[in-house]
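Welcome! Take a moment to look over the sequence and the 3D picture below, and then let us walk through some of the details together.

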Amino acid sequence: MFAQAKPKMAAYTQLVLIASDKIPPPTIENIFAETRQTYSGPLEVGEDLMSFEIGETVTVRRHKP
């Protein structure tokens with residue numbers, strides 16, 4: 001989807017990393033690697049309290065406790 005949409009920045013949010021007894025859960029690194037097979041643009045994985053400022057550019061702000 002990201003390769004077709006060509007967003008200014010792609011972001012994964014609300015990830016559910018499902019596993020079973022035979023298949024371990026995917027890691028964020030696995031998700032990035034799979035995504036990079038078809039999409040080379042800016043990519044983020046959402047974190048608690050992270051925000052995005054969207055305009056001519058996209059700015060990512062991470063919460064600093």
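## A guided look at the model

Glu53 has a relative accessible area of 44%, so it counts as partly exposed. Please keep in mind that this is a predicted model. Glu53 has a charged partner, Arg61, and their side chains meet in a salt bridge with 3.0 Å from N to O.

**Salt bridges**

- How many salt bridges are there? The count comes to 3 salt bridges.
- One of them is the pair of Arg61 and Glu53; Arg61 is partly exposed because its relative accessible area is 44%.
- Another salt bridge is formed by the side chains of Arg62 and Glu44, at 2.5 Å from N to O.
- This pair links distant parts of the chain, since Arg62 sits in the segment after β4 and Glu44 in strand β2, 18 residues apart.
- Is Glu44 buried or exposed? With a relative accessibility of 15%, Glu44 counts as buried, because the cut-off for buried is under 20%.
- Glu47 is partly exposed, because its relative accessibility is 45%.
- Put together, Glu44, Glu47 and Arg62 are linked in a network of salt bridges.

**The paired strands β3 and β4**

- Strand β3 covers residues 51–54 and strand β4 covers residues 58–61; the two run antiparallel and are joined by 4 bridges.
- If you look across from Ser51, you will find Arg61 of β4 standing opposite.
- Val60 is found in strand β4, and its relative accessibility of 21% is why Val60 counts as partly exposed.
- Not counting residues up to four places away in sequence, Val60 touches Met9, Glu44, Met50, Ser51 and Phe52.
- The C-alpha atoms of Val60 and Asn30 are separated by 22 Å, and these two residues are 30 residues apart along the chain.

**Glu44 and its surroundings**

- Glu44 belongs to strand β2, which spans residues 43–45.
- The side chains of Glu44 and Arg62 make a polar contact at 2.5 Å.
- Which residues is Glu44 in contact with, leaving aside its neighbours within four places in sequence? They are Met9, Ala10, Ala11, Tyr12, Met50, Phe52, Val60 and Arg62.

**Thr35 in helix α2**

- Thr35 lies in helix α2, and its relative accessible area of 7% is why Thr35 is buried.
- A polar atom of the Thr35 side chain lies 2.8 Å from the backbone oxygen of Ile31.
- Not counting residues up to four places away in sequence, Thr35 touches Phe2, Tyr12 and Leu43.

**Pro7 in a loop**

- Where does Pro7 lie? You can find Pro7 in the loop between α1, residues 2–5, and β1.
- Pro7 counts as partly exposed, because its relative accessibility is 27%.
- With its neighbours within four places in sequence left aside, Pro7 is in contact with Phe2 and Tyr39.
- Pro7 and Lys64 are 57 residues apart along the chain, and their C-alpha atoms are separated by 26 Å.

- Which residues make the nonpolar surface patch of about 210 Å²? Leu15, Leu17 and Ile28 make this patch.
- Leu17 has its place in the loop between β1, residues 10–12, and α2, residues 28–36.
- At 37% relative accessibility, Leu17 counts as partly exposed.

Technical notes. Residues numbered from 1 in each chain as written. Predicted model: local features only at pLDDT ≥ 70, side-chain atom pairs only at ≥ 80, totals over all residues. Heavy atoms only, no water. Patch = residues over 30% accessible without salt bridge, like charges linked within 9 Å, V, L, I, M, F, W, Y side chains within 5 Å. Areas by Shrake-Rupley, 256 points an atom, 1.4 Å probe, with all protein chains shown as cover. Salt bridge = Lys/Arg side-chain N within 4 Å of Asp/Glu carboxyl O. Buried < 20%, exposed > 50% of the residue type's maximum accessible area, 1.4 Å probe, protein only. Contact = heavy atoms within 4.5 Å. Polar contact = N/O pair within 3.5 Å; in protein donor to acceptor, adjacent residues only side chain to side chain. Pairing = 2+ DSSP bridges.
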